[in-house]
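Please keep the sequence and the structure in view while reading.

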Amino acid sequence: MRPITYSARVPLLLLDLDNTLLDRAGTFRAWAQDFLAEIGAPAEDLQWLLSIDADGLTDRWDVADAIRDRYRLRVSSIDLVDELTEGLVERLTLDPLVACALRIADDSGWVPVVVTNGTVRQQDIKIRRTGLDRYVADWVISEDAGVSKPNPRIFAMAAQRVRMRLQGAWVVGDSPEADIGGAAAMGLPSVWLHRGRGWMESRFRPTRTAEGIIPAVATVLSAAGVARYA
């Protein structure tokens with residue numbers, strides 16, 4: 001992690017982790033396919049396991065218990081939780097193009113900070129093992145913060161970590177509620193990574209939408225540049 005000496009005038013880029021900076025969905029699918037093959041489960045059970053995981057929203061212990069009960073595995077829940085955590089982390093990689101996008105944002109004067117819900121053990125190791133820590137100024141994890149997205153407090157804590165204000169910040173993420181809802185609660189502009197989904201929320205809307213993090217960063221830089229010179 002780099003020493004932080006940023007000016008209050010530098011804009012803050014608040015970034016989600018899973019399925020934003022890292023391809024958690026694709027990585028879990030790959031792990032699930034390997035795991036099912038290893039225990040001799042039918043390949044069509046993949047959709048069941050993906051639905052149980054619910055894009056990472058289901059507690060790891062509940063996923064482990066569901067797997068153990070369905071396949072009558074003679075293994076403890078804690079061992080399955082370890083397999084879920086380690087198996088996913090071992091397969092996660094940082095896309096070089098994502099790293100390049102973060103470097104471009106940094107070179108353009110933005111300060112990227114990760115704001116993620118989850119456990120410290122799981123999220124911190126993802127950031128460090130993939131090398132993402134070299135491309136962001138800092139990160140805040142909900143378990144350590146004691147508060148989760150979309151609560152504005154966790155975003156405020158992220159700003160405090162790098163000694164900056166939230167004014168002028170953008171929020172980027174794939175969760176309508178946690179990321180875009182959090183941005184709306186703070187009155188901040190946002191980019192929603194739609195991942196092929198349609199927007200269903202009626203209480204608020206993202207400022208922009210993008211297919212992935214790379215076009216999202218480009219959108220922020222472009223929109224901020226237009227606003228600066230308007």
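## The sheet and its helices

Strand E1 (residues 12-15) and strand E4 (residues 170-173) run parallel and are joined by 3 bridges. Two strands count as paired if DSSP finds at least two bridges between them. Strands (E, at least two residues) and helices (H or I, at least four) are DSSP runs, numbered from the N terminus. Opposite Leu-14 stands Val-171 in E4.

The model is predicted, with residues numbered from 1 along each chain as its sequence is written. Local features need pLDDT of at least 70 and side-chain atom pairs count only at pLDDT 80 or more, while totals for chains, interfaces and linings use all residues, and side-chain values use heavy atoms, with hydrogens and water left out.

The open sheet has 6 strands in the order E3-E2-E1-E4-E5-E6, with parallel pairing. Strand E3 (138-141) and strand E6 (208-210) are at the edges with a single partner strand each, so one side of each is left without a neighbour in the sheet. From one strand to the next, the twist averages 20°.

Contact here means heavy atoms within 4.5 Å. Angles run from 0 to 180 degrees between N-to-C directions, and axes are lines fitted to C-alpha atoms, for helices over the stretch in contact.

| Helix | Strands | Angle to E3 |
|---|---|---|
| H6 (residues 120-129) | touches E2 (111-116) and E3 | about 160° |
| H8 (residues 152-161) | lies across E1, E2, E3 and E4 | about 150° |

## Two domains

The domain assignment gives domain 1 (12-23 + 93-228) and domain 2 (25-91); such bounds come from an automatic or database assignment. Their C-alpha centres lie 27 Å apart. Domain 1 brings 9 residues to the contact and domain 2 brings 12 residues.

The size of an interface is often given as the accessible area lost when the parts come together. Between them, domain 1 and domain 2 bury about 920 Å², with 39% of it on carbon and sulfur atoms. Buried area is the accessible area (1.4 Å probe) that two parts lose on being put together, summed over both. On the domain 1 side, Asp-23, Arg-121 and Gln-122 lose the most area to domain 2, together 47% of what that side buries.

How many salt bridges does the rule find across the interface of domain 1 and domain 2? There are 3 salt bridges across it, and a search of the whole structure finds 16. A salt bridge is a side-chain nitrogen of Lys or Arg within 4 Å of a carboxyl oxygen of Asp or Glu.

## Other residues

Trp-48 is part of helix H2 (residues 46-53). Leaving out residues up to four places away in sequence, Trp-48 touches Ala-66, Ile-67, Arg-70 and Tyr-71.

Most residues other than glycine have a negative phi, and most peptide bonds are trans. Asp-55, in the loop between H2 and helix H3 (60-71), has a positive phi near 60°. A cis peptide bond, with omega about 15°, joins Lys-149 and Pro-150. Pro-150 is found in the loop between helix H7 (142-145) and H8.
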